[in-house]
Structure formats: structure tokens, C-alpha cells
Amino acid sequence: MSPKIAVLADRVADQIAAGEVVERPASVVKELVENALDAGAHEVRVELEGGGRTLIRVSDDGSGMDRADARLALTRHATSKITDASDLIGVATYGFRGEALPSIAAVSRFELETSADGITGTRVRVAGGTVEAVEDAVRRQGTTVTVRALFFNLPARRKFLRAPATETRAAVEALTVLALARPDVAFSLSSDARALLDVPRVDRLIDRVHGLWGRDLADTLLPVEFREAALEVTGFAQRPSQAKPAGRKGYVFVRGRPIKDPFILRAAEAGYRSTVAPGDRPSLLLYLDLPGDAVDVNVHPAKLEARFRDKFFVEQMVQEAVRRALVPLAAAAPIGGAGGEMGPWQGIGGELGGGVPLELFPGNGGAAGATRGPELLQDQHSAHERVLYEGVLQQLQGDGAPAQRLLLPLTLDFTPPELEAIDEHRELLHRVGFELEALSGRSVIVSTAPNPHPRFEAARCLQELVSDLAGGRFGGWANRLERFAATYACRAAIKAGHHLDPDEMRELVVRLLTATLPAHDVHGRPTIVQLPRAELERRFGRS
Ligand SMILES: Nc1ncnc2c1ncn2[C@@H]1O[C@H](COP(=O)(O)OP(=O)(O)OP(=O)(O)O)[C@@H](O)[C@H]1O
Ligand SMILES: [Mg+2]
């Protein structure tokens with residue numbers, strides 16, 4: 001009987017290991033570009049043909065390798081980046097396993113050209129893991145790796161490659177992620193000679209965002225800057241009003257390393273609380289920095305995950321970081337979007353930070369005429385809605401709101417589904433101030449009502465509120481209390497057309513300023529927009 005267990009030939013073992021690292025052209029791009037960055041490159045170029053199936057080439061101007069290193073680089077577990085396991089703690093390079101190059105060379109026709117001094121150069125050719133030639137080459141300092149016929153010796157894997165356009169898109173995404181990690185490096189990618197990505201070296205992350213996606217996204221982002229204990233959270237969070245149901249960008253970097261972590265993103269979204277309409281997703285770029293021993297990056301074959309020593313703390317802090325980014329009135333949406341006229345407001349990365357001084361509000365202290373800088377306009381309904389929402393939420397969680405006993409109790413009629421909604425929400429209605437009692441048939445007697453402002457119309461508010469509750473409006477709100485509070489705030493708020501006298505306006509502004517998330521109403525619409533003085537003057541024909 002022949003033995004059942006046999007040691008695999010090295011070649012087969014290499015191919016199996018390659019499956020962990022090399023899944024598709026995009027993973028080759030990722031590994032090669034990471035190597036270029038680890039080698040200190042200032043510029044990295046990627047070329048694809050046939051979606052990477054025919055050719056993937058990555059060139060860099062990094063340190064390069066001498067001949068001995070070039071040979072060694074293709075040996076499994078040969079790495080220049082760590083020497084023993086303790087170096088893994090806090091490892092700062094992308095690579096540390098010494099696996100990527102041999103894995104890629106095992107499943108392709110592979111060529112490495114490199115020079116460490118710009119004078120002597122080496123070319124190593126490998127086919128399906130077999131070294132075919134080591135020869136002289138001429139090139140400047142740096143390294144070029146060319147990967148042809150990916151998976152030529154693994155037909156089953158080759159068959160699984162998607163259409164060239166799909167593979168190309170994945171490769172562009174892989175490069176985009178690294179470009180976000182390293183704004184100080186120039187990147188380009190061409191596919192069948194078409195330039196798909198081309199970004200120069202920049203100093204500021206926002207300029208990289210701009211280079212990758214244009215002003216349309218860059219202008220909607222607010223800076224995140226937060227530190228608690230040894231954890232630092234920086235990056236950008238999108239203005240709530242700009243969140244969209246689809247197509248958001250969500251990236252997390254941990255110690256400069258791109259990580260796929262839906263929990264961190266979810267924690268960040270929790271930081272938006274009620275400012276984003278249900279179903280909308282804000283774009284988020286989050287950079288977490290913490291000591292090397294607080295996180296393990298060696299937990300995933302492609303290093304796409306990290307394990308935090310204290311995940312709960314990290315998530316809490318991410319949420320707090322985003323919440324704080326939204327608090328300043330900087331979150332107010334600019335009128336007219338982009339534009340070079342924003343003066344000191346331009347450049348979300350910079351000066352804005354803290355918040356807007358009170359004097360900028362017209363109506364606050366009457367100093368508006370004398371101030372320079374932007375004016376802020378508020379939508380009185382939205383602003384009021386936000387103020388009410390936050391108050392009501394507290395009342396619902398606490399002792400309830402002060403109610404007024406009506407001199408003449410109201411009698412209102414409702415439909416059967418509305419009566420059901422009343423029944424279901426009786427306790428919440430009571431807490432905001434409505435005391436109701438079912439009469440015969442469809443009638444309800446209202447004996448007390450809230451009194452949130454002098455123009456409040458109790459009967460109309462209750463009717464609209466109950467109709468919303470019965471009709472499932474605001475249904476997307478995760479939490480029943482929040483849903484109720486949002487519905488109530490929407491219906492109880494001053495209507496857009498109501499005339500407010502200056503005192504009432506001033507009071508609303510002050511109350512808005514003390515709200516936790518002042519810049520957006522419960523639908524994610526802005527409560528305030530900023531208007532640069534120059535723009536205001538231009539519109540009145542004064543400039
Ligand atoms: N573009 C490059 N420029 C200079 N040296 C390189 C380059 N690419 C690879 N090397 C050298 O070859 C070695 C092997 O690279 P490889 O990607 O296989 O392993 P690694 O980066 O050390 O670890 P990992 O498998 O985690 O990526 C590297 O440690 C580095 O010394
Ligand atoms: Mg590597």
C-alpha cells in the first residue's frame with residue numbers, strides 16, 4: 001500500500017501559498033506598490049494590459065537592490081524588513097513576511113529589474129517559480145517588476161479572473177487606497193496606455209483627496225482631529241447634508257496601513273447620530289494612530305485587518321472624534337459649493353478648526369455690520385427642528401416635558417391606523433406633553449399639550465404627528481425614541497413662513513448654538529449656511 005501522506009513539492013507549496021497573497025491583479029498591484037513604498041520611493045508608476053491578465057508593471061525610484069539581494073528577494077521568507085518575531089511589534093513597513101515576490105513569481109512570468117546605485121543593474125527572470133536567468137541590466141536607481149501571464153500555470157485560477165474592466169477597477173482601487181495612505185508620494189496608473197490615475201506628491205491629505213476625486217468630494221469634507229490617551233484620530237468626515245445613499249468613500253488606516261474594518265466605520269457613523277438621514281452614508285477617511293503594541297497587524301494573509309488590544313475604546317473614540325468634527329459651525333454648508341472666494345474659509349484642512357465666533361451671527365449683539373468674514377444664514381424651521389429634537393430627546397429619556405392644561409380640551413378625530421399609532425405611542429406622547437383619552441368611536445380628547453413656542457398649534461401638530469407615526473414616516477430611524485423625537489420636532493417646529501421678530505430670532509440662534517449638533521436638522525439638511533461677505537456684497541451688486 002502506498003503512503004497516504006506525502007510532503008508537497010516546494011513548487012506546489014509555493015502555489016498554494018501564493019493563493020493566499022495573490023488573488024487577482026489588484027493584489028499583485030498592492031504587493032508591488034507596498035514594496036516600492038517600503039523601499040522609500042517618491043514616485044510609483046503602474047501599468048496594466050488586459051486588466052492585468054496580460055501584464056502588470058510597477059516601477060519605482062526607491063532604494064533598489066544589489067544582485068545578491070535581488071536573488072534573495074525571490075526566496076520565500078527572505079525579507080529585509082524584520083529579523084525576529086519581536087520586530088513585528090510596531091512594524092512600520094507594509095511588508096514583513098518575505099512572501100509577496102516569491103508568491104507572485106510562482107504564478108506568472110516574472111521579471112525583476114533593479115539597481116541600488118544607478119550604475120550596475122540586475123535582471124532576474126522567473127517563470128512559474130523557476131529562475132531562468134540572472135543578468136546585467138541598465139537602469140537608474142530603483143526597481144521595476146513586470147508580471148506577465150498571471151496564473152498561466154494555474155488555469156483554474158486564471159478562469160476566475162473577471163472582465164478586464166472589472167480587474168482594472170479593482171487595481172485602481174488598490175492603488176487609490178495606498179495613495180490615500182501616502183500623499184507624499186506621486187502615483188500613476190495606466191491601463192492599455194490610458195491614464196486612469198495620476199496624482200503628484202502633495203503636502204496635505206486634502207490635496208490628495210482633491211487629486212483623486214476632485215473638488216466635488218473634497219469640498220464636502222470636514223477635518224477630524226482628535227486625541228485621547230495614546231490614540232489619535234485624524235482625517236475627514238463628510239458634511240452630514242452631503243451624505244448619499246450610495247457611492248460613499250469609506251477608508252480606515254491604522255498606523256498608516258489601510259485596513260478594512262466595517263466596525264470602525266460603523267462607529268464613525270454613530271458619531272453622526274441624528275444628523276444624517278436614515279439610509280444615507282457619509283464619506284469617511286479615518287487615520288488612527290496608536291502605539292505599535294496596541295495593535296496587531298499580522299492577522300490576515302493580505303494584512304487587510306488589524307486586531308486592537310482595546311477595540312471598544314478605539315470604537316468609542318472614533319465615534320467621539322467624528323461627533324466633534326461635526327459640532328463646530330464649520331459644519332454649516334457653504335453656499336455655492338466650491339469657489340475661490342471663500343477667503344479664510346477655504347481649505348478645510350486648515351484654519352477653520354474650532355468654530356465660528358459668535359459675533360459672526362447677524363442678530364447677535366448687533367455687531368454683524370462691523371464684522372468681516374462670512375455671514376451665516378439660518379433656516380428657521382430647520383434650526384428650530386434641531387433645537388426641539390435635542391430637547392425632546394432629553395425629555396423622552398427623562399421626566400418628560402412641561403405640559404399645559406388646555407382650558408377647553410380638544411376633541412380630534414383619527415383614522416383606525418392613527419388610533420392604533422396613538423395607542424402604541426401613548427407613553428411617548430404623554431412625555432412630550434400630550435395627554436390623550438380615547439372617546440367613543442374615532443374621537444380622542446386632548447386635555448394637555450406642550451408649549452414649545454408661542455406660535456405652536458397643538459391640534460395641527462398632534463394631527464400631523466399621529467399621521468406620520470401611522471404612515472411609517474421616519475421609519476428608517478433605528479431607535480424608536482429618536483424616531484418619535486424627530487417626528488415631533490419636525491411637526492412642532494416653527495414653519496418656514498412664520499414671521500419671527502428680532503428677539504425671537506436671536507433666541508433661536510442662541511438656542512441653536514447650545515445644541516450638540518447645531519449645523520443640521522434631523523433630516524440632515526443644513527440649519528445654517530455660511531455666506532462669505534464678499535459673496536453677499538456681490539449678490540447685492542456692491543463689489
Ligand atoms: N521595489 C523594491 N525595491 C527595493 N527592494 C525591494 C522591492 N521589492 C522587494 N524588495 C526587497 O525584497 C524583499 C522581499 O519582498 P517581498 O514583498 O517578497 O517581502 P516583504 O515585503 O519583506 O514582506 P511581505 O511578504 O509581507 O510583503 C523585501 O524585503 C525587500 O528587501
Ligand atoms: Mg512586500
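Which residue is the bridge partner of L410 in strand 20? Please set that pairing in its sheet, and then go on to the rest of the chain.

A: The partner of L410 in strand 20 is V446. Strands here are DSSP runs of E, at least two residues long, while helices are runs of H or I with at least four residues, and both are numbered from the N terminus.

First, the ground rules. The model is predicted, so local features need pLDDT of at least 70 and side-chain atom pairs count only at pLDDT 80 or more, while totals for chains, interfaces and linings use all residues. Residues are numbered from 1 along each chain as its sequence is written, chains are lettered from A and ligands numbered from 1 in the order in which they are written, and side-chain values use heavy atoms, with hydrogens and water left out.

Strand 18 pairs with strand 20 (residues 443-449) over 6 bridges, in the antiparallel sense. Two strands count as paired if DSSP finds at least two bridges between them. The sheet is open, has 3 strands and runs in the order 18-20-19, with antiparallel pairing. Strand 18 (404-413) and strand 19 (435-438) are the edge strands, each pairing on one side only. Neighbouring strands are turned by 20° against each other on average, with direction ignored. Helix 14 (residues 458-471) packs on this sheet and touches strand 18, strand 19 and strand 20. The direction of helix 14 makes about 45° with that of strand 18. Contact means heavy atoms within 4.5 Å. Axes are lines fitted to C-alpha atoms, for helices over the stretch in contact, and angles run from 0 to 180 degrees between N-to-C directions.

Next, Q395. This residue sits in helix 11 (residues 380-397). Q395 is partly exposed, at a relative accessible area of 24%. On this scale buried is under 20% relative accessible area, exposed is over 50%, and partly exposed lies in between (1.4 Å probe, protein chains only). Setting aside residues up to four places away in sequence, Q395 touches G400, A401 and R431. Q395 and R431 are 36 residues apart along the chain, yet their C-alpha atoms are separated by 6.9 Å.

Strand 9 (residues 221-228) and strand 10 (residues 231-238) pair antiparallel over 8 bridges. E225 has T234 as its bridge partner in strand 10. The hairpin has 2 residues between the strands, and A229 takes a positive phi near 50°.

Then the helices. Helix 2 (residues 25-38) packs against helix 6 at about 25°, with axes 8 Å apart. That makes helix 2 roughly parallel to helix 6. The cut-offs are under 35 degrees for roughly parallel, over 145 for roughly antiparallel and 65 to 115 for roughly perpendicular, with the rest oblique. Their crossing is right-handed. A crossing is right-handed if the near helix is turned clockwise from the far one by less than a right angle, and left-handed if anticlockwise. Helix 2 contributes P25, A26, V29, K30, V33, E34 and L37 to the contact, and helix 6 contributes E167, A170, A171, A174, L175 and L178. By class, this contact of helix 2 with helix 6 has 10 nonpolar, no polar and 3 charged residues. Nonpolar covers Ala, Val, Leu, Ile, Met, Phe, Trp, Tyr, Cys and Pro; charged covers Asp, Glu, Lys and Arg; the others, Gly among them, are polar.

A174 of helix 6 is buried, at a relative accessible area of 17%. Beyond its neighbours within four places in sequence, A174 contacts A26 and K30. A174 and A26 lie 148 residues apart in sequence but 6.0 Å apart in space, C-alpha to C-alpha.

Helix 6 (residues 164-181) also meets helix 7 (residues 205-213): their axes come within 9 Å and cross at roughly 160°. Helix 6 is therefore roughly antiparallel to helix 7. This crossing is right-handed. T176, A179 and L180 of helix 6 meet L205, R208, V209, L212 and W213 of helix 7. The contact of helix 6 with helix 7 has 6 nonpolar, 1 polar and 1 charged residues.

S191 belongs to strand 7 (residues 186-191). S191 is buried, with a relative accessible area of 7%. Not counting residues up to four places away in sequence, S191 touches L48, T168 and L196.

Finally, the whole chain. The protein chain has 17 helices and 21 strands. Of its 543 residues, 48% are buried.
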